[in-house]
Amino acid sequence: MKAIVCHEFGPLEKLSYEDVDTPTAGPGNVVLDIKAAGVNYPDGLMVQGLYQMKPPFPFTPGSEVAGVISEVGDGVNHVKAGDRVIGFVGLGGYAEKALCPATHLIPIPDGISDAEAAGLTTAHATAHHALKQRANIQPGETLLVTGAAGGTGLAAVQIGKAMGATVIAACSSEEKLQLAKENGADILINYKEKDLKTELKTINDGKGIDVVYDTVGGDAFDACSRCMAWNGRLLIIGFASGEIPKFPVNLALVKGYSVVGVFWGSFTAHQPKDFADNMRELLGWYLQGKVKVIVDEALPLSDAKSALEKVMGRQVKGKMVLLP
C-alpha cells in the first residue's frame with residue numbers, strides 16, 4: 001500500500017510517499033481502509049522532532065481517520081468488516097490502510113461525509129474535552145478562543161456556543177473573524193489591528209475572561225494571562241505562533257485563576273469511558289447541527305507535505321484533509 005513515511009526528523013520536504021507493508025489485524029485491533037485522514041498541527045511538529053512524542057523510525061504520521069473496516073482481529077466483537085467508522089489510530093493515518101485499536105472506533109452516522117468525519121476527532125474532541133472536563137464551562141460565562149478560525153479554534157467556538165458561553169473570537173484577519181462569526185462567535189477581535197489586552201479589558205464589565213482556549217501561545221498568551229477573571233481557567237491547547245511562553249506564576253496567585261493543560265490523546269487513554277461519553281454527545285450535537293466540520297481543502301495523500309505546510313503556516317480556515 002501507499003503511505004507517507006518519515007525516516008528521520010527534519011523539514012517537511014524529507015517526508016516520502018512510498019510503498020510499505022500492508023498491516024494485519026492482531027488481537028484487539030482492526031484494519032481500516034482509509035477514506036480520509038485529518039491533518040493536524042501536532043503531525044507537523046512530530047515529523048520535525050518538535051513534539052513531546054518521538055516515535056521510532058520509520059513511522060507514518062496521522063492520528064485521525066475515517067474509513068471502512070476491512071479486517072477484524074481476535075477478541076473484537078462489537079464491530080465487523082464493512083462497518084464505516086472514525087478511527088483514532090495515534091500513528092499511521094497518512095496511508096491507504098491503518099491498524100486501529102478496536103476501543104478507538106466510533107461508528108459514523110449517516111449524513112456525515114468521510115472528509116468531515118476524519119476532521120471531527122482531534123479538533124472537536126480536544127475542544128469538547130477542554131471545555132467540559134478541564135474548564136467545566138458554565139452557561140453565561142465568557143470564553144475567549146485564540147486562533148479561532150483554525151480547526152480546533154472553530155471547534156471551540158462552536159462547542160462553547162453549544163454549552164451556553166458568550167464566545168469571543170481572536171483572529172489575525174477580518175476574513176478569519178467572519179468565519180468565526182458564522183460559526184457562533186459573539187465578539188470579534190482582530191489582534192493584528194488592535195491590542196488584545198486592551199480589548200479584553202473592556203469585556204465582561206472589566207471583570208476579566210472566565211475561560212481562555214489558547215491555541216497560539218506567544219504574545220497572545222501573555223495578553224490573556226493578564227486579563228483573567230477571578231476563578232478563571234486558562235487552557236493551554238498549543239503554540240501555533242511557534243513560541244512557548246513563560247508564565248509568571250504570581251499572576252495566578254493574585255488573580256485567583258487556574259492554568260490548565262489539555263492533552264486530549266492522554267485523556268483518551270486515562271479516561272476511556274469519559275472519552276466515549278464525550279464522543280456520543282459530540283456526534284449528537286453534530287446531527288443536531290450545533291457543531292460541524294469546516295473542510296478548508298481536501299488533497300490527495302501524495303500531497304501531504306503541501307497540506308502540512310498550509311497547516312503549519314496558519315493558512316487554514318477549518319480543517320485540512322487527505323484523501324488516499
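Good morning. Of the 324 residues in this protein chain, 53% count as buried. Please keep in mind that the structure before you is a predicted model.

Let me begin with the overall form. The chain is built from 11 helices and 15 strands. Its radius of gyration is 19 Å, close to the 20 Å that the globule rule gives for 324 residues, so the chain is as compact as a globular protein of that length. Along the principal axes, the C-alpha atoms fill a box of roughly 60 × 40 × 35 Å.

I turn now to the interior. In soluble globular proteins, nonpolar side chains tend to be buried together. Which residues have the most contacts inside the largest nonpolar core? They are Leu131, Leu143, Val145, Ile159, Tyr213 and Leu235, in a core of 52 residues. Helix α10, which covers residues 272-288, gives the most to this core, with six residues. There is also a second, separate core of 35 residues, and among its members are Leu12, Leu45, Ala98 and Ala102.

Next, the surface. The chain exposes about 13700 Å², and carbon and sulfur atoms supply 52% of that area. As for charge, there are 30 positive and 36 negative side chains, and the centres of the two sets lie 6 Å apart.

Finally, I would like to show you some details of the backbone. Most residues other than glycine have a negative phi, and most peptide bonds are trans. With that in mind, please find Phe57 and Pro58, which are joined by a cis peptide bond with omega at about -15°. Pro58 belongs to the loop between α1 (41-47) and β4 (64-72).

Where is Asn136 found? Its place is the loop between α3 (121-134) and β8 (142-146). Asn136 is not a glycine, yet it has a positive phi of about 50°. With a relative accessible area of 48%, Asn136 is partly exposed.

Arg314 is another residue other than glycine with a positive phi, here near 55°. It lies in the loop between α11 (304-312) and β15 (319-323). Is Arg314 buried or partly exposed? At 31% relative accessibility, Arg314 counts as partly exposed.

Thank you for your attention.

Notes: Residues are numbered from 1 along each chain as its sequence is written. This is a predicted model: local features need pLDDT of at least 70, side-chain atom pairs count only at pLDDT 80 or more; totals for chains, interfaces and linings use all residues. Side-chain values use heavy atoms; hydrogens and water are left out. Helices (H or I, at least four residues) and strands (E, at least two) are DSSP runs, numbered from the N terminus. The radius of gyration is taken over C-alpha atoms; the globule rule is 2.2 Å times the number of residues to the power 0.38. Buried means under 20% relative accessible area, exposed over 50%, partly exposed in between (1.4 Å probe, protein chains only). Accessible areas come from the Shrake-Rupley method with a 1.4 Å probe; for residues, only the protein chains shown count as cover. Lys and Arg count as positive and Asp and Glu as negative; His and the chain ends are not counted. The place of a charge is taken as NZ of Lys, CZ of Arg, CG of Asp or CD of Glu. A nonpolar core is a set of buried Ala, Val, Leu, Ile, Met, Phe, Trp, Tyr and Cys residues joined through side-chain atoms within 4.5 Å.
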